[in-house]
Structures are given as structure tokens and as C-alpha cells.
Amino acid sequence: MSEVLPPSMKVECGETVHLRIDGREVEAQPSDLLLEAVLREKDIPHVCYHSALMGPIQTCDTCIVEVDGKLVRSCGMKVTPGMDVVTESKRAVDARAEAFNVILGNHMLYCTVCDNNNENCTVHNTALAMKVEHQDEFKPKPYPVDMSNPFYRYDPSQCILCGRCVQACQTVQVNETLSIGWELERPRVLWDGGMQIGGSSCVSCGHCITVCPCNALMEKSMLGEAGYLTSTPQKTLDKMIDVIKAIEPEMGYGAVMQVSQVEATMREERIKKTKTVCTYCGVGCSYDVWTKDRKILKIEPLHGDANAISTCVKGKFGWDYVNHKDRLRKPLIREGSGFREAEWEEALTLVARRLGEIKKESGPDSIGVVVSSKTTNEEGYLMQKLARAVIGTNNVDNCSRYCQSPATAGLFRTVGYGGDSGSIEDIAQSKLVLIVGSNTAESHPVLATRVKRAHKLFGQRLIVADPREHEMATRADIHFRPKPGSDLVWLCAFSRYMFDHGYAKTDFIAQHVNNVEEYRKSLEPFTMEFAAKQCNVPIEILTAVAEEIAHAETMCVLWAMGITQHVMGSDSSTAISNLLLTTGNYMRPGCGAYPLRGHNNVQGASDSGAMPNNFPGYQSVTNDEVRNKFEKTWSVTLPAKVGLDNHQMVDGVYDGTLRAMYLAGEDMISADSNANHVAGAFERLDFFVVQDIFFTETCRYADVVLPGAPALEKDGTFTSTERRIQRLYQALPELGDARADWKITQDIANRMGVNWNYTHPSEIMAEMASLTPLYAGASFERLENYNTLQWPVHPDGADEPILYLNGFNFPDKKARFFPLQFREPSDEPSVEFDLFLNNGRQLEHFHEGNMTHRVSGIHEETPERYVEVSEELAQERQIESGQWVRLTSRYGSLRIKVLVTARVVGKQVYLPLASEEGPVNVLTGSYTDSTTDTPAYKETAVKMQVLPERGSNPLKPLNFRYSGKPTPQMGVEVERKWKRADYRLPGSVGLVQIQVHATR
């Protein structure tokens, strides 16, 4: 009898199980698979089993052992007390050999000329370990190699049918695209139940390739590149393979394998593997990048604390931009209406001279500095130090102003830290996840996989509040669509509902929260009836959601720009934290507040002091004691007045108080709201320095453009949405004359009269840590390789993966309820501007697309943008997908194609941010959140003019949205394999029918 075990959510406990393995008594956790216990003692073959995250698959039969005299798959059963395990009995060894022989019937061994012969091929390594000398008849499958995906290929004839790829797709990524056609005469992997990858629901996340134990699934970028012989023409390769196969019966595989081992070792001399951290969203995925010279061969995730084996299409394949022909390679200086190339000495001298002149003429506050959330913590620290200690101004900011500052403000008001309460692991363990204003599956895809997994496999409840039906909304147990800008109302109404119905955690509140009475009084207007009317949501739905929250053992709230990019962004974020306090969802694992950071280092940019009101670590510039500490270390007198933020800098240009800007790694015209207004400000600057890797729209307004370097060309650290600090290592030399950003900033500072002499980013981190309690124990040594720390990091190196376990970050250790009032959105639809414009990210593109538009495979899948229009509106305006329209707001206009979809309803339209023709920001206005000046991007009314031109559907057949139809399963469904007439358990006599008990 064999059970089909699902992946488990492991929880270590004090109990242990005692069992015997090969006569030796060992201890294990009750949740351990037998294979895991065995592998801690010794190596045995295991081809299909990958990791605890993937769980038991049970397709390969190569891990068979004897338990109490019976042959069993060791990956398919859990340890039990007193279990007697024998791994090396003749029966077990013979059964494993028989199982592997079946595998080799599906896989031709030609390792020396295989691009996957890189010492990490499971099939190759198992053949070596089992001392395979001969391969019985190999039977190629009657299917062609599938090259239809831009990024990877599938070779059915090399596929061993282990099901790792299916298990990863169904239970880790949970895109539910892959399955195995076990009932086919020759089984193979299927995409949406069919035999072609292209046009399926595959999102090119790369999980399947990462876990594939052989060369059946491979990155196209590896083909013909990895081995010394693999670039040989296919016909020649085939002849070489035939020669090997001809001599194998006489020589055996031992000698052949020795040759392949030597060749694999030789590859190490030219293939470099470097640990790095993803430069797209804020999840903080880390992995090894494989490079050969400047060619990026592949991304290999495995050891990252945030992601393990997981990536999205951008992290796995979105690296073409690094070597793109558009990369800036030399400094540029404006000459008339154009630019000329210059040497660094001339460019840096000009920058230092002009900034110095403007400072002398108009004072240090006539200059503003904007730090990139794409650059490292060390680079952010140096740029804010340049602003404060060299220029003498607190006019310094970063792009969190455009997205996450309201979330930070809301958390500082209530609990004292502006960061996630816990880790992605806590989100996965929560009994209820509430997602508000976040398209998590497309904006933070790897984090979303953990929610999808917990919801599918472990019974987690999922509620989504969003005006648009994205993937997480489709999967949710409850999805409701509040009127845009009304989230504060229902959040406050829920808090009142908890108090009114006895659900509020009064013991928790009494012990841990201040301002209770004032807060309860502020809730009086927020009845459920008022919320239903204001939010346009039936009261029955609101009540059902409130009841779910009230009865959930733990709850995590995830939110993003659908909350923060409103005029009440800070207050709505505060309302979320108030609700979490009301329901007691802080101070323990599996609960809390999770504002999902949008850029790879937007958390770190703020942590490192790129803010007009705070030194590094959120230490106030107006605090005399703090300021004196920095003055003593930096040997300067520092300004005590809060500086200008991004938004105020633009206004300062118009009113004549700001004359110069130094901006790094930020395309402000595409990122800031009301792009035409921002462009007008840049035209008025007396001097403008832009530092970037591409010549962006913002560069057109610069006087000097300095070529920076992307993350693969530098060392440093990033801090992710989990507050997780991670090291990245230089994988490639700087391209052309481009320089790491910290080097450029230091050169400018030194030409302005100081004497900085940092030789490595580790020295910068050491200085920052010495001044920043939040990072006190952070160091490059403690962050070596895949080691990570989640701030606050204490001087001894201890960190806090879960915040508030010992109290909140206020002097009395108590949280604070923060009373709120509602006000209407800023730019509501009218008779003329009758449509509500929503906007956001796409899975395959990042923000405006400066990087991803330069990735050929992404461009092939999604070559043009579109505006999503509801089926009702399309019928009313008599338009179809491909129709050209003009969207016009009170601030600007753009021409775009229509995509008719059920994802939006009524008079709401949705515009993805990615654009090569002109940003959505030309339509958005200058209204901002009253607390943080974050633009209200999500509050824009537009009108739509139908143009006479009609084009093709902007969504291409290759795109997963076009016609993808996932095929959900609970895993690889190995019991279907066991039911095949040609299957028998290795080591058993004759064909057997295995009784199956599927368990959850």
C-alpha cells in the first residue's frame, strides 16, 4: 500500500521520533519524510525528490528502502517510532537499480556534449553514484522538441517523467499549467493539457527548468554555450553520440563518464557563478547568475531565504538589458540641443563646479538630490551624505515618495516601525490573508506563490479588495470591489464592527495599545451602512468579510499602490494597522501588516537616509542629539531644517527656490505624476545632472548625463520588503566607461572639497551601521553569501524576523490607535470626464519598462500596451479589441489601443504602466497624499474618444492572457502512473495494482 502525500508545511516541535537506520538509532521530527531522515545519515539515490518545499512526488522509485522487511519509497512515507530501516539490502539495492534503468529508458546519456553537464545534473550524478555501466534500450518519444517559448525549450525524448516540473508548477508556483499525460501511450509533460508551450497559460516563471533533473527543460540561453563541444552542429553531435553508443557495450559507461566529468570540471574555468539579488520588485529573490565572459547563461535559484527555488519571468529571464546596445557607456554633456560624449574628468569637473557655483550664489537649499531605489544601500547612503555633508541641504528623497511612503507613515503612527511585521513565511502560515489594492501575482509574483500555495494546499482563507479582477481576486474566497478611494471607510467600519459585536481583542488592547477611547469615538461615523453606501459594496458582503476577519486565528494584510496612491494613502494605511490592532493581529507569528515594497531597494533607500526629514535609520534631522552624532562623525555642521521631498522639489523649481538637481537612477518624467508639469520644471532648472544606465526620457532635460552601473556590475546590499538585508556580488565588469554609482558620488564629493576614500562598499556599510541603530549589527561579514539579516539588527548581530514580539517601537512599548476622518477622492469622474482610470504593473514588465522593454523574449510576448475596457463599456461605445482610442484627462492625453476584458467592470478602465510611447503619468494630476506628498495616481478621471483607426488585438497569441487555460491538479497525480498496465513497483514480482489513499 502506498499513500500520496502532499507537500507539508513543516513546523518543528520539541518531540522527536526514534527509529533505526541500518542498525543505528537516530532521531527525527514527526513531520520528517523517511527519505529526509535517511539523507541525514547517508546518501541514497533520489531522482524525483527535490526538497521539502516540493514535497514527495513518488514517480522515480529510486529511493526504495526496506522498512520492517517491506520495500517502500522512502520519500512517500513519514517516520514512525520504532521503524526499522535497511537501505543496503540486496532487495533494496536491486529495486533502486531497476527503477533507474526504467528512467534511462526515457533518457539518452550523452553527457559530454550536453549543455546540462555542469556537475549539478541529477540523472548524470545518479548514474555515477550507482556505477551504471550500460544503458538498456533507449526509446525516443514520438514528439518534436518544443521551442515555442521565447525563453526555454522542452525535449520530450530526454524527459524522464519524474514530475518535478509539474509539482513545482502545481504546488509551488501554483500557476497550474503543467501536467503529465499519464494515459498517453508514451507519456510526456503537457501545457494546459496540450503539447505546445507557446500560447498556454505558462508565465515563464522558470520553476520547471530550475527543478528539472536533466536536460529535458533548459534555458535557451544555455544551449550551445555551456560545454566545450555543445556548440557543435547538431548533425555532427548526433554522429559523436552514435560513436559513443557504439563503443559503450564493450567499454562500459565508466570510462565515458570519466571523460564527461573532466569536461564538466573544465567548464568551471569559463563559467562563473555569482550570487546576486534581483533588481526588479521588492520581494528580494536571490540566486546565482551564471556568466561566460559577458554573456548571461542562466539564473539558478536555490538558497534564497525569500524565494528558495522560485523566480518570476523577470528574475529568471529579464537580464538582456544589462548588455543592451542602449546602455550608456560614456558621460554626456549637453551641447546646444544635443549631447556629446566626454571623458569622466571633464564631466565630473563640470558637475562639481556648477553645483558649487549655485550653492555659493543661492545657498545649499537651492539644490536637490534624488536617490535611486534601484541602487544599493551603500550608494543611497553616500548620496544622502553628499546632500547633507557636502552640499549642506536636507533636500534629498527617493522614489518611495511615489509608492510606499504612505504605508510607512501609517505604520510609524501606530506601531513604530515602517516595515513588514514579519516574513513571507509568516504570510504563508497565516490562517487568513487580506489583500487590499495589490495585484500581488503580477507585482510581487514570488511572494504571491506562497499565498497561492497556502490557499490551495493548506486551507488558508483569501480575501481580496480590488476594483479589478486580477489573478488573486479570481482565486479568492471573497473578492469585493470597493469604489476607488473609499478603502478607509470599510476598514474603519470593520474596526467599529469588531468593537460593536464583541470581537475586538480587548485584553490585547488593554495591555498593548494606547488612545483607545479617542479612537473608538472617531469610529462613530463608520457604520456598516455608511460603508456599504460609500464603497458601493452590498452590506451582506461587507458583513461576511468582517465575520471572516473576526473569526480568523491569525490575519496578515497585504497592500500596495492601490491603497497608497490616493489622497488618503497614509490614512488608509493607518486604518489597516488600526484594524490589525483591534483584532490582536500583531506580536505573534503569522499575522501583521505587510506593505509590499515596489522596487528592489525602495525599503533600503529610505532606511539609508534618502529622505528629507530623516537621517539613516529614520532618525530625525530635527533631533539635536541625533544631528550632533552625525556632525561629529562627518566633521561638518548639518542643516536642522527638514528638506524638500520630490514633489516639493518640482514646485520649488517653478517658484524659483530650487535651481539644480542631481538625480540618480530615476526616470522622474515616467515615474512622477503629471509628467508634463515635471518636464516643465526640468526645463527651468539652471543645472541638471542625471545618472542612469540608459538615456531615459528624463535624460533629455539634463545638462550632464553620467553612466551608472546595474547591480550585476557592483557589490553592495539591498533591503527587501521583509526588511531583509542581503549582499549582492559583482558578476560582470562595468560596461565601457560606466561606473558603479557609489564611485561616481564619491568622485563628485571629492571634487567639491572633501576627502572621501572609500575603496569598497563594505566600508560604507560599516560607517552607516555605526551611526544607525536599525543596522547596528549589519556587516558584509555577517551577510556573507546567502546569509541575511532582518532589521533591526542589534550590535551582536541578532535580528528580528518578527517585529513587536516584546512590545511596539515606542518608549512605553505600547502601540497607538490613530483616529481618522474620511474625505472624498481628488479627481472624481464628471459628466465630461466620465471614466475612472486605474493603472498598475504587468507581470512581465517592470514599471515603465526601461529594463524589460529591452528583453527580447518579453517584448515578443508583450510588444505593445493597451487600455483594458469592460465588456459593458465596449458594447456601449461599439468598440472591439484593437480599436484605437484617445484617452484625455484634465492634464494630458494619449493614443492607445483597446483590450476588451472582463477584468474591469462598468466605467473603470485600466492602463498598464509599461510604455515605450508615453507614460500613463501624462494623464495623472498633481494631487497628493496630504501627509507624504505621494501622488494620487489612482485618482484620475478621463474621457475616451473612439478614433477611426482599428488595429490588431494588442494581446498576442503567445501571451499567457490570450487563451491560456490552466489545468489545476493537487500535484503530479502519480497514482495515475501507478494504474498504468505497464507499471510495477521495482523489486516486486509481476505487475501489481497499488491501492491508493490520497491524503491531505
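## From values to words

Guide: Both F630 and W634 belong to helix 24 (residues 624-634), where they stand 4 residues apart, about one turn of the helix. Helices here are DSSP runs of H or I with at least four residues, strands are DSSP runs of E with at least two, and both are numbered from the N terminus. This is a predicted model, in which local features need pLDDT of at least 70 and side-chain atom pairs count only at pLDDT 80 or more, while totals for chains, interfaces and linings use all residues. Residues are numbered from 1 along each chain as its sequence is written, and side-chain values use heavy atoms, with hydrogens and water left out.

Visitor: How many aromatic pairs does the structure hold, and why is the pair of F526 and F530 called edge-to-face?

Guide: There are 27 aromatic pairs in the structure. The ring centres of F526 and F530 lie 6.3 Å apart and the ring planes meet at 65 degrees, so this pair is edge-to-face. The rule is that rings of Phe, Tyr and Trp (its six-membered ring) pair if their centres lie within 6.5 Å, and that planes under 30 degrees apart count as stacked, over 60 as edge-to-face and the rest as tilted.

Visitor: What makes F526 buried, and what makes F530 partly exposed?

Guide: Buried means under 20% relative accessible area, exposed means over 50%, and partly exposed is in between, using a 1.4 Å probe and protein chains only. F526 has 3% relative accessibility and therefore counts as buried, whereas F530, at 30%, counts as partly exposed.

Visitor: How do you know that F630 and W634 form an edge-to-face pair?

Guide: Their ring centres are 5.1 Å apart and their planes lie at 65 degrees, so the pair is edge-to-face. F630 has a relative accessible area of 0% and is therefore buried, and W634 counts as buried at 8%.

Visitor: Which charged residue sits over the ring of F810, and which residue lies over the face of W884?

Guide: The charged end of R816 sits over the ring of F810, at 3.8 Å from the ring centre, and R895 lies over the face of W884, 3.9 Å from the ring centre. A charge sits over a ring if NZ of Lys or CZ of Arg is within 6 Å of the ring centre and within 35 degrees of the ring normal.

Visitor: How do you know that the span of helix 20 agrees with what it should be?

Guide: The expected span of a helix is 1.5 Å times one less than its number of residues. Helix 20 (residues 539-551) has 13 residues and should therefore span 18 Å, and its end C-alpha atoms are 18 Å apart, which agrees.

Visitor: Which residues of helix 20 are buried, and why are they said to line one face?

Guide: L542, V545, A546, I549 and A550 are buried in helix 20. Down the axis of helix 20, its buried residues fall within an arc of 140 degrees, so they line one face of the helix. That arc is taken from the directions from the helix axis to the C-beta atoms. The face turned away from the buried side of helix 20 carries the exposed residues E540 and H551.

Visitor: Where is L328 placed, and is L328 buried or exposed?

Guide: L328 has its place in the loop between helix 8 (313-317) and strand 14 (332-335), and L328 is buried because its relative accessible area is 8%. Leaving aside neighbours within four places in sequence, L328 is in contact with residues including I693, F694 and P707, where contact means heavy atoms within 4.5 Å.
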